[in-house]
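Here is a friendly walk through one protein model, from the overall fold down to single side chains. Have the coordinates open as you read.

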Amino acid sequence: MRAPRTVRSAEALGRIQLSPSFFMRDFLYSEIANVHGIPNLPDHPDLAIAAGRRLCQDLLEPLQATFGRIAIRSAYRSPAVNDYGNRHALSCASNERNRARHIWDRLDGKGMGAMACVVVPWFAVRLEQGTPWQAMAWWIHDHLPYSELQFFPRLGAFNIGWHEAPRRTIYSFVPPRGYLTKPGFPNAAGSHAGQYEGFPRLCPPASC
């Protein structure tokens with residue numbers, strides 16, 4: 001597929017279904033793009049679509065099947081959008097760091113990947129009731145083939161990333177900031193079921 005340069009070609013890109021519940025258009029919204037007039041469309045759509053499908057099929061669909069509707073906060077970023085956000089302190093890492101993360105149509109040194117920032121309303125309610133963010137982190141760690149998780153202070157939002165060479169790291173921007181786990185940490189292996197008591201069992205999308 002060619003890079004979209006017209007309204008019609010952008011519409012065609014947006015209609016591509018990545019998984020039963022998600023279309024490419026769901027991941028193209030950007031406040032930076034809207035406010036500053038920077039197109040948020042991939043230069044290499046085929047790569048963005050391939051990475052996005054794995055993100056949706058392997059991670060987002062099981063999350064939604066298990067916890068109910070999830071809301072997409074930020075997902076695909078074009079290099080131009082991401083670079084503007086990085087240079088203007090708008091919570092974007094550098095383009096080099098966001099390859100195969102928010103910039104779906106660029107490979108990093110280990111291959112293909114995609115990332116989205118999501119809110120799980122089911123979890124946001126429980127956060128207000130005192131459930132710690134670590135509960136969702138450990139549930140995902142035990143059940144889904146994620147690459148990276150990064151948790152944020154508002155609404156229980158978190159980045160969830162798929163990668164063909166998964167890093168398996170969980171980081172928190174909620175104070176105290178730092179890693180909850182990563183390869184080599186003593187807590188990385190085994191079950192963490194005691195950390196998320198009362199959470200639903202994983203519901204594979206096809207069975208829900």
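**Ground rules.** This is a predicted model, in which local features need pLDDT of at least 70, side-chain atom pairs count only at pLDDT 80 or more, and totals for chains, interfaces and linings use all residues. Residues are numbered from 1 along each chain as its sequence is written, and side-chain values use heavy atoms, with hydrogens and water left out.

**The whole chain.** The protein has seven helices and six strands, where helices (H or I, at least four residues) and strands (E, at least two) are DSSP runs numbered from the N terminus. Along the sequence they come in the order α-α-α-β-α-α-β-α-α-β-β-β-β. The radius of gyration is 17 Å, close to the 17 Å that the globule rule gives for 208 residues, so the protein is as compact as a globular protein of that length. That radius is taken over C-alpha atoms, and the rule is 2.2 Å times the number of residues to the power 0.38. Along the principal axes, the C-alpha atoms fill a box of roughly 50 × 40 × 35 Å.

Of the 208 residues, 48% count as buried; buried means under 20% relative accessible area, exposed over 50%, and partly exposed in between (1.4 Å probe, protein chains only). Contact means heavy atoms within 4.5 Å. Among contacts with a separation of 6 or more, 63% join residues 24 or more positions apart. The protein exposes about 10,500 Å², with carbon and sulfur atoms supplying 52% of it; the areas come from the Shrake-Rupley method with a 1.4 Å probe.

| Residue | Relative accessibility | Class |
|---|---|---|
| Asn-159 | 6% | buried |
| Thr-66 | 12% | buried |
| Glu-31 | 39% | partly exposed |
| Pro-153 | 57% | exposed |

Asn-159 sits in strand 4 (residues 158–163). Its side chain makes a polar contact with the side chain of Gln-150 at 2.7 Å. A polar contact is a pair of N or O atoms within 3.5 Å; within protein, one must be able to donate a hydrogen and the other to accept it, and residues adjacent in sequence count only if both atoms are side-chain atoms. Not counting residues up to four places away in sequence, Asn-159 touches several others, including His-102, Met-115 and Cys-117.

Thr-66 belongs to helix 3 (residues 45–67), and its side chain reaches the backbone oxygen of Pro-62 at 2.9 Å. Beyond its neighbours within four places in sequence, Thr-66 is in contact with Trp-139, Pro-200, Arg-201, Leu-202 and Cys-203.

**Glu-31 and Pro-153.** Glu-31 lies in helix 2. Glu-31 and Arg-73 are 42 residues apart in sequence and 9.9 Å apart in space, C-alpha to C-alpha. Pro-153 is in the loop between strand 3 (148–151) and strand 4. Leaving out residues up to four places away in sequence, Pro-153 touches Phe-173 and Val-174.

**Helix 4.** Which residues of helix 4 (residues 79–87) are buried? They are Pro-79, Val-81, Asn-82, Tyr-84 and Gly-85. An α-helix has 3.6 residues a turn, so residues three or four places apart point the same way. The cover over the buried residues of helix 4 includes helix 2 (31–36) and helix 5 (95–98). Just after helix 4, Ala-89 takes a positive phi of about 55°.
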